[in-house]
Amino acid sequence: MTFQDIFKSSFLENIASISILDMVIAMVLAFLLGLFIFFIYKKSYSGVMYSASFGVTLIALSLITTLLIMTVVSNIVLSLGMVGALSIVRFRTAIKEPMDIAFLFWAIAVGIVLAAGLIPLAVFGSIFIGVVLVAFSKKKTVDSPYILVVHCENSGIEEQARLFVKSQVRRLNLKSKSVDGGCVELNYEVRLKEDSSAFVNELEAMSGVSRVVLVSYNGDYMG
C-alpha cells in the first residue's frame, strides 16, 4: 500500500463513471417524454375527477427512474444495493382509475429505456403509445353509463319518478335505495338516449322530487 492509496477515494472515482453529456441528454429526454406522457394523460382522461398532481407525478417518475437506472448501469455494486433498498419500499396509495396504472408503467418504462441508451425506442414507443391511447379515448361508446340520484318525498312519488325515468332512458337499473324519515333516495344506473340529459330538468320539476343528480359512472359501485 502506497501513500497515494491511503488517500485514494472510491467516491471521487465514481464521479467520472457517467459523462456529463450522457446525464444531460438522458435527463432532458426523460423530462420531455414525461411532459408528453402528461399531455397524453390529460388528453385521454375519461374519469370523474382529474388530478393534475398525478400528471406531475408521471414527469417526476420518468426523471427518477432514469436517474436510478443510470446508476445501476454504471455500477454493478450499487445496483445490488439499490435492489435491496427498493425491496423494502411499500406504496399504499390506491389507484382509482385502471388507466392510471398503464401511465405509471409507461413513465417507468421510459426511464428504463432511456437510461439503457435506447433513445429511438423510447421516443418511437412513446409516440406510438400516445397515438393509440388518444385514438381509443376519442371513441366514445354508445352505452356510456351514468348514475342518477333521485330524492323523493314518499313511495308514491318514487314510483312516478321511476316510470318517468324509464320512459326517458334506454336502460334503467336500480343500484341502491335508502329511506330516512319517509324520504326516499334512489341510485339508478342509466343509459341515455343519444346522450340527452334534458329529462333531468323535468324530473327535478316534478312535485315531490326534491333533488336530482346525474353523474358519469366509471364502473365503481356508488351506493
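**Helix packing and sheet architecture in the predicted model**

Met23 lies in helix H3. In this predicted model, Met23 has a relative accessible area of 32% and is therefore partly exposed. Met23 and Ala115 are separated by 92 residues in sequence, yet their C-alpha atoms are 9.0 Å apart in space.

The protein as a whole comprises nine helices and four strands. From the N terminus on, the elements follow the order α-α-α-α-α-α-α-β-α-β-β-α-β. Of the 223 residues in the protein, 30% are buried. Among contacts with a separation of 6 or more, 71% are made by residues 24 or more positions apart.

Helix H3 spans residues 20-44. With 25 residues, H3 reaches 36 Å from its first C-alpha to its last, which is close to the 36 Å expected at 1.5 Å a residue. The buried residues of H3 are Ala26, Ala30, Leu33, Gly34, Ile37, Phe38, Ile40, Tyr41 and Ser44.

One packing partner of H3 is helix H7, which covers residues 119-138. The two helices pack at an angle of about 5°, and their axes are 9 Å apart. Angles under 35 degrees count as roughly parallel, and H3 and H7 are therefore roughly parallel to each other. On the H3 side, the residues that meet H7 are Ile25, Leu29, Leu33, Phe36, Ile40, Lys43 and Ser44. On the H7 side, the corresponding residues are Ile119, Ala122, Val123, Ser126, Ile127, Gly130, Leu133, Val134, Ser137 and Lys138. By class, this contact consists of eleven nonpolar, four polar and two charged residues.

Leaving aside neighbours within four places in sequence, Ser62 is in contact with Ala30, Gly34, Ile37, Ala107 and Gly111.

Ile112 is located in helix H6, residues 98-115. At 38% relative accessibility, Ile112 counts as partly exposed. When residues up to four places away in sequence are not counted, Ile112 touches Thr65 and Ile69. The C-alpha atoms of Ile112 and Ile69 are 6.0 Å apart, although the two residues are 43 positions apart in sequence.

The four strands form an open sheet in the order E2-E3-E1-E4, with antiparallel pairing. E2 and E4 (209-216) are the edge strands, each of which pairs on one side only. On average, and with direction ignored, neighbouring strands of this sheet are turned by 15° against each other.

At one end of this order, strand E2 (residues 171-180) and strand E3 (residues 183-191) run antiparallel and are joined by nine bridges. Within this pairing, Ser176 stands opposite Asn187 in E3, and the bridge partner of Ser178 in E3 is Glu185. E2 and E3 form a hairpin with two residues between them. In the turn, Gly181 has a positive phi of about 60°.

Strand E1 (residues 145-152) has seven of its eight residues buried, so E1 is largely enclosed by the rest of the structure. In the strand order, E1 stands between E3 and E4. Eight bridges join E1 to E3, and these strands run antiparallel; here Val150 has Leu186 in E3 as its bridge partner. E1 is also antiparallel to E4, to which it is joined by seven bridges. In that pairing, the bridge partner of Leu148 in E4 is Leu214. In a regular strand the side chains alternate between the two faces of the sheet.

How values were computed. Residues are numbered from 1 along each chain as its sequence is written. This is a predicted model: local features need pLDDT of at least 70, side-chain atom pairs count only at pLDDT 80 or more; totals for chains, interfaces and linings use all residues. Side-chain values use heavy atoms; hydrogens and water are left out. Axes are lines fitted to C-alpha atoms, for helices over the stretch in contact, and angles run from 0 to 180 degrees between N-to-C directions. Angles under 35 degrees count as roughly parallel, over 145 as roughly antiparallel, 65 to 115 as roughly perpendicular and the rest as oblique. Contact means heavy atoms within 4.5 Å. Ala, Val, Leu, Ile, Met, Phe, Trp, Tyr, Cys and Pro count as nonpolar, Asp, Glu, Lys and Arg as charged, and the others, Gly among them, as polar. Two strands pair if DSSP finds at least two bridges between them. The expected span of a helix is 1.5 Å times one less than its number of residues. Buried means under 20% relative accessible area, exposed over 50%, partly exposed in between (1.4 Å probe, protein chains only).
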